[in-house]
Amino acid sequence: MDRTIEEIIIAYLDGNCSTPDLQRLHQWLAADMRNVAEFNVCRRQFVGAKAAMMSAEQIAEAEKLQMARIAYVEAHRRRRLMLRRWIVSTAAVVLLLLGVGTFLSRNYSIVERDSRICVFAPHDSIRTLVLPDGSRVWLNQMAMIKYPEKFDDDVRRVEIEGEAYFEVAKDAAHPFVVHGEQMDITVLGTTFNVQCFRGSKNACSSLISGKVQVKGNHGEGCIILNPGQRANLDGENRQLTVQQDVNTGFDAVWHNNLIPFNNASVEQVAHALEHFYGVEVSIRNPKGHNHTYSGVIKRTGSVDSTLCLLRNAMPIEYKRTGNDITITIQ
């Protein structure tokens, strides 16, 4: 039986959302702004439950963080109206306890009971953050990262769900470990992309520079990656393989709001549009068209603008009705 959207929202906020449910949630949010409002109501209720479990020290720290964020928002005139609406619609005491920042900025983070920081990317944009050691992280849509307020141990360890791009600060004495449900990645200082979606049996990591160790978390083995290689983990067959001579830069251009295509068919381009914009794409006249396309296009605010760019590079026409798009190959 399919889960209701309410059940999927609860699973997502609790960190137990499967990849199919995550995709369904993304499409539901993109379909109507009223759905976003309903999601924020559920999220506020979840935040309130989290507040009850916080220690006095965490409450004090969260209050300082919240007041600083409020001051920042008030300094920007275009956000003042949004701040007022947010204060009216949200229990102020809950927000002060958690220091989650403004919901209307669509950046969501909480401080957990064990003093780890949990950051979520919005459903429709990329979130960028700097870790305590100076490493930089880009979270793709609806991805999540957990990390300590300070790296005190010998190992700098973070946890992720979804897709993330890392530029790790070099520190040979303190290896950096990215933990996902399917695999762990250990580095000293490097840039790489990783996809580890909760509930999925597969995962992958692409190395742009440096060197990393990739280890399957369920007996799939351990390998060392060099630049231009991608580790593919097949959890169903318990296999961890290396793909050679990969244009790994393509795997990570999303963090610059670019959409990559590397020898992609029209069907693969359509799938990318569905992923980035939460739309449904159908293709007419696909038979006999075996051309592929490579390159990157700037991700714009609307799918129509992106389709116009694609139409200039590919023999296609399109028609859009709401979130349903029909691409016709000429």
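Q27 sits in helix α2. Helices are DSSP runs of H or I with at least four residues, strands are E runs of at least two, and both are numbered from the N terminus. This is a predicted model, in which local features need pLDDT of at least 70, side-chain atom pairs count only at pLDDT 80 or more, and totals for chains, interfaces and linings use all residues. Residues are numbered from 1 along each chain as its sequence is written, and side-chain values use heavy atoms, with hydrogens and water left out.

Q27 counts as partly exposed, at 31% relative accessibility. Three classes are used: buried is under 20% relative accessible area, exposed is over 50%, and partly exposed is in between (1.4 Å probe, protein chains only). Q27 touches G278 and E280, not counting residues up to four places away in sequence. Contact here means heavy atoms within 4.5 Å. Q27 and N323 are 296 residues apart in sequence, yet their C-alpha atoms are 8.9 Å apart in space.

## The chain as a whole

The chain has nine helices and 19 strands. It holds 330 residues, and 46% of them count as buried. Take the contacts in the chain with a separation of 6 or more: residues 24 or more positions apart account for 46% of them.

In soluble globular proteins, nonpolar side chains tend to be buried together. A nonpolar core is a set of buried Ala, Val, Leu, Ile, Met, Phe, Trp, Tyr and Cys residues joined through side-chain atoms within 4.5 Å. The largest one has 33 residues, and I145, F166 and F192 touch the most other members. Strand β6 (residues 156-167) gives the most to this core, with four residues.

F192 has contacts well beyond its neighbours within four places in sequence. Among them are A164, Y165, F166 and V168, along with I185, V187, L207 and V212. A second, separate core has 28 residues. W254, F261, Y293 and Y318 are included in that second core.

## The largest pocket

Rolling a probe the size of a water molecule over the atoms shows where empty space is left. A pocket is found on a 1 Å grid over the protein atoms alone: it is an open set of points where a 1.4 Å probe fits, with protein on both sides within 12 Å along at least five of seven lines, and its lining residues have an atom within 4 Å of a point. Grid points are joined across faces, edges and corners, and volume is the space filled by probe spheres set on them. The largest pocket has a volume of about 1,300 Å³.

The lining has 44 residues, and E163, Q195, H271, A272 and H275 are the closest to the pocket centre. Several elements each supply at least two lining residues, including α2 (19-31), β6, β9 (191-196) and α8 (266-277). By type, the lining divides into 17 nonpolar, 22 polar and five charged residues. In this count, Ala, Val, Leu, Ile, Met, Phe, Trp, Tyr, Cys and Pro are nonpolar, Asp, Glu, Lys and Arg are charged, and the others, Gly among them, are polar.

## Salt bridges

A salt bridge is a side-chain nitrogen of Lys or Arg within 4 Å of a carboxyl oxygen of Asp or Glu. The count comes to six. One of the salt bridges joins E159 and R116, with the closest N and O atoms 2.7 Å apart. This pair links distant parts of the chain, 43 residues apart: E159 is in strand β6 and R116 in strand β2 (residues 116-120). E159 is partly exposed, at 26% relative accessible area.

R230 and D251 meet in another, at 2.8 Å from N to O. R230 lies in strand β13 and D251 in helix α7, 21 residues apart. Both R230 and D251 are buried. R320 pairs with D304, and their closest N and O atoms are 2.4 Å apart. R320 is in strand β18 (residues 316-321) and D304 in helix α9 (residues 303-313), so the bridge ties together parts 16 residues apart in sequence. R320 is partly exposed at 34%, and D304 is partly exposed at 27%.

## Loops and backbone angles

Most residues other than glycine have a negative phi. R238 has a positive phi of about 55° although it is not a glycine. R238 lies in the loop between β13 and β14 (239-243), and it is exposed at 53% relative accessibility. D245 also has a positive phi, near 50°. D245 is in the loop between β14 and α7, and it is exposed at 76%.

G219 lies in the loop between β11 (212-216) and β12 (222-225). G219 is exposed, at 67% relative accessibility. G219 and Q239 are 20 residues apart in sequence and 8.6 Å apart in space, C-alpha to C-alpha.
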